[in-house]
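The entries follow in the order in which I made them.

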Amino acid sequence: MSFNLLVLTCIGYVILLFAVASLAERMAAEGRAKWLRSSTIYTLSLSVYCTAWTFYGAVGYAARSGLEFMTIYLGPTLVFVGWWALMRKLVRIGRENRVTSIADMISARYGKSNALGVIVTLLCIAAGTPYIALQLQSIAESFTVFVRDPDALGLSTNRTLIAFWVAVGLAFFTIIFGTRTLDANEQHHGVVTAIAVEAVVKLVALLAVGVFVVWFVATGPADILTRIDAQALPEWQIQPGRWTGLILLSAIAIICLPRMFQVAVVENTEDRHLATASWAFPLYLFLISLFVLPIAAIGMEMMPAGSNPDMFVLTLPLHLGQDGLALLSFLGGFSAATSMVIVAALALATMVSNHIVVPLWLRARAATRRDTGDMRALVLNVRRLSISVILGLGYVYYVISGGSGALAAIGLIAFVGVAQCMPALIGALYWRGASRNGAALGLIVGSVIWFYTLFLPSFGPDTLLPAQLMSDGPFGLSWLRPYGLFGLTALDPLLHALFWSLLFNALAFCLGSMLSFPSPIERVQAALFVNIYDRAGPARSWTRPMVEAEDLLPMAQRIFGPTEAQSFFRMQAVAQGKQGYLPDITPEFLEALELKLAGSVGAATAHAMLAQSVGTAAVSVEDLMAVASETAQIMEYSAQLEAKSEELSRTARKLREANEKLQTLSVQKDAFLSQISHELRTPMTSIRAFSEILMESADMSDDERTHFAQIIHEESIRLTRLLDDLLDLSVLEHGQVQLKIGSANLRELIDQSITASNSVKAERHFDLFRSRDTEDIDITTDAGRLSQVFINVLSNARKYCDADNPSMTIRVQRRGPMIEVDFIDNGSGIPRDQDALIFEKFSRLTDSLQAGGAGLGLAICREIMHNLGGEITYLPGQGGAAFRVSFPQVLNARAPDDAQARAAE
């Protein structure tokens with residue numbers, strides 16, 4: 001096949017993945033794709049474990065070592081079948097704590113220590129770099145193998161150029177579908193769905209090659225077994241010690257690899273998915289490994305001497321003239337490599353942003369006492385840059401190491417690296433006495449040993465380590481040789497590094513934990529992690545701080561965006577039984593906010609951000625007692641008392657708020673009646689006085705008579721307007737209004753409303769900021785009534801905005817079937833103690849002379865929006881007075897019935 005045709009095939013395949021990922025993202029955003037969170041998609045996404053090492057390298061592994069390749073499948077199988085309880089506990093803790101990565105899991109358990117997160121992040125990057133290089137190497141080699149006469153194109157000597165462009169393309173794909181938005185759960189439906197599709201492709205490809213080899217090259221299973229026996233080498237003998245070590249290593253890797261943690265824990269939404277995966281994933285591994293040994297045996301028999309066994313899956317069909325099968329095999333290997341790189345780069349980039357860059361940014365801003373600004377753009381840009389850097393590191397490793405004759409060797413180096421997380425992770429789940437100091441000591445010691453005994457030597461002699469040091473040891477100390485540490489030379493380099501690194505890691509972890517005492521927050525987190533199934537309620541690591549919800553809302557908006565942050569605060573307020581957008585600041589609310597922040601920026605960073613804003617992060621005495629108490633009876637009794645106390649406090653607070661509101665409304669009602677009496681009496685007195693003048697003055701001139709008649713007319717209009725407002729409000733409240741539903745354009749409606757409101761204080765210059773493109777929406781509603789609401793809000797802003805240079809921002813956005821129009825001025829806003837009353841019928845924040853009315857405008861607006869199937873609400877924390885008008889894009893003709901039902905309640 002020509003090089004250009006192969007490139008076009010790859011581009012077409014990537015376009016298909018783009019389409020699948022885009023469709024999945026769009027369906028997830030619209031909430032109409034439950035299958036995206038199905039057990040099938042979850043199980044297939046776990047196949048990201050099967051990389052190019054599995055697709056290509058397993059056959060090469062089998063050709064060199066016989067059945068030993070099975071160890072890389074037996075480890076994960078034992079985990080999902082025999083260690084299912086451990087995986088279930090990991091998934092439950094991850095979901096309840098909004099864990100975003102394995103670094104986040106470890107840092108959250110050990111007192112939300114960001115230092116631990118940094119250590120794990122750096123370790124995972126170092127371990128992931130060889131693995132990414134392996135994928136780039138496999139794709140580059142498959143290109144050169146597949147293309148006819150690669151020497152003519154210079155591909156044999158320019159594999160690094162192919163690897164470079166592959167890295168660029170994968171970085172682009174990962175950035176597009178992994179960093180488009182900052183999700184509160186760090187779940188990526190588009191990427192996961194694309195990975196599931198690739199799982200099917202690589203399985204079908206490997207099965208197709210296997211079926212061809214067994215039934216079309218050989219004559220069936222019996223013949224293939226005979227040929228396997230004929231090709232058996234001495235190296236194929238089973239070595240029990242090595243098998244045990246490799247099975248253990250692969251079992252640890254399926255838990256600790258960042259990409260596996262991402263798909264198994266972070267992307268998990270339900271426990272039942274794990275139950276399905278406990279049998280379905282081992283079945284997938286069985287199928288994908290079923291024909292590995294037959295392909296290896298036939299390849300050794302039929303391929304020319306010196307052929308690379310890692311490429312038998314591809315070269316064997318080509319050698320036998322099966323170009324179509326070879327192309328399918330190429331796409332299978334391409335899928336295996338790309339899926340791993342995409343998920344690994346995404347997971348590592350999340351760790352870099354959450355544990356390194358964002359904490360440094362917060363610390364720098366805190367030192368200069370500057371506002372953090374919009375954190376969403378920062379986090380997303382950092383992740384995009386991190387993805388590029390991580391893939392660049394993988395490419396650099398590939399170039400420096402010059403590739404490897406055995407893909408399996410590179411993969412096993414990465415396995416040993418991430419295995420250093422295992423002692424701290426197991427301690428996090430099962431040992432309440434494990435401490436942050438112990439975990440850090442174990443990780444550092446284990447990583448240093450792995451780095452010295454396996455990672456640095458993998459580049460070859462005289463590259464990063466001198467050849468003399470590798471053969472004689474530093475300073476001639478042979479017992480410190482990288483491959484013979486402490487004189488142990490009986491093990492091969494891989495098991496040698498695994499043994500010493502995990503041994504010293506575990507010893508340092510246990511010793512450090514026993515010699516140090518966990519901090520209060522560590523003990524709280526330990527109880528929650530170890531006893532996750534006994535958890536009765538949220539962790540309380542916050543006291544009641546002296547801070548207002550308005551102070552925390554801007555911070556939340558910088559991470560989630562205005563819409564999601566306001567929705568979260570409003571839900572919390574509703575849960576507390578409060579009206580409006582702002583809840584009371586309680587320990588429970590702070591824990592909920594911290595948990596939601598953790599889903600976007602990690603547990604340690606979320607804790608630091610909230611502590612910086614709140615100014616306190618002390619653990620309460622009750623929490624310390626709960627940690628110290630081992631008696632279930634006391635815990636249950638305490639929980640019951642607390643629940644009753646909270647219920648009584650909540651009820652008392654609701655009664656107190658209701659009483660205060662009634663008192664306020666009573667005062668306002670008295671003032672309103674007085675104002676109404678005055679408003680009615682004044683025009684009526686004028687009408688009576690001037691009409692008597694007209695009747696009694698016979699010698700009045702025509703000009704005087706016209707003047708007095710005009711006064712009577714104007715006072716009549718004023719009286720009629722007041723009565724119309726009262727009648728309009730009454731009709732709206734009782735659902736008796738007749739809506740005139742028709743088609744309209746929102747942008748034109750806003751234009752008309754702005755023009756109509758310009759007559760209010762026309763002498764004031766008022767700047768307007770709006771996006772006319774986003775306003776261009778066709779709607780079906782009562783345009784007159786909706787315009788009445790817009791005019792009222794705009795007129796109020798022109799009258800009451802107290803800024804020196806008043807301005808109004810109009811922002812339009814869609815939320816499903818609803819349209820939201822925000823009106824935000826730059827004034828001082830509405831006092832917090834008044835924002836819940838401004839929509840009441842008798843409410844005025846100013847005196848009648850300044851208000852120029854009886855305080856019915858917003859009350860009428862509220863009733864209009866109820867009749868239009870929407871609402872008008874006040875948005876706090878926006879820098880000025882801000883109102884949101886939300887309504888359906890298409891109003892159902894039966895919408896007034898809802899208002900009638902509400903009025904009848």
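**Salt bridges and their surroundings**

I began with Arg242, which is buried because its relative accessible area is 17%, under the 20% cut-off. The model I am reading is a predicted one.

I then looked up the partner of Arg242. The side chain of Arg242 meets that of Asp492 in a salt bridge, at 2.6 Å from N to O. Arg242 belongs to helix α12 (residues 240–256), while Asp492 sits in the loop between β2 (484–485) and α23 (493–515), so the pair ties together parts that are 250 residues apart in sequence. I noted Asp492 as partly exposed, because its relative accessibility is 25%.

How many salt bridges does the structure hold? I find 15 salt bridges.

I next examined Glu301 and Arg227, which form a salt bridge with their closest N and O atoms 3.3 Å apart. This pair links distant parts of the chain: Glu301 is in helix α15 (residues 292–302) and Arg227 in helix α11 (residues 221–231), 74 residues apart. Is Arg227 buried or exposed? Arg227 is buried, since its relative accessible area is 19%. Glu301 has a relative accessible area of 36% and is therefore partly exposed.

I went on to Arg747, which forms a salt bridge with Asp776; the closest N and O atoms are 3.8 Å apart. Here too the pair links distant parts of the chain, with Arg747 in helix α32 (residues 746–757) and Asp776 in the loop between α33 (772–775) and β5 (778–781), 29 residues apart. I recorded both partners as partly exposed, Arg747 with a relative accessible area of 23% and Asp776 with 42%.

**Cysteines**

I checked for disulfides and found zero in the structure. Cys10 counts as buried because its relative accessibility is 6%, and Cys861 is buried with a relative accessible area of 2%.

**Helix α24**

How many of the residues of helix α24 are buried? Helix α24 spans residues 520–530 and is mostly covered, as nine of its eleven residues are buried. I listed the buried residues of α24 as Ile521, Glu522, Val524, Gln525, Ala526, Ala527, Leu528, Phe529 and Val530.

**Surface patches**

Which residues make the nonpolar surface patch? I find Leu5, Leu8, Ile11 and Ile15, with a patch area of about 390 Å². I placed Leu5 in helix α1 (residues 3–30). Leu5 is partly exposed, because its relative accessible area is 42%.

I located Asp699 in the loop between α30 (632–696) and α31 (702–733). Asp699 counts as exposed because its relative accessibility is 74%, the cut-off for exposed being over 50%.

Technical notes:
Residues numbered from 1 in each chain as written. Predicted model: local features only at pLDDT ≥ 70, side-chain atom pairs only at ≥ 80, totals over all residues. Heavy atoms only, no water. Helix = DSSP H or I, 4+ residues; strand = E, 2+ residues; numbered from the N terminus. Buried < 20%, exposed > 50% of the residue type's maximum accessible area, 1.4 Å probe, protein only. Disulfide = S-S within 2.5 Å. Salt bridge = Lys/Arg side-chain N within 4 Å of Asp/Glu carboxyl O. Patch = residues over 30% accessible without salt bridge, like charges linked within 9 Å, V, L, I, M, F, W, Y side chains within 5 Å. Areas by Shrake-Rupley, 256 points an atom, 1.4 Å probe, with all protein chains shown as cover.
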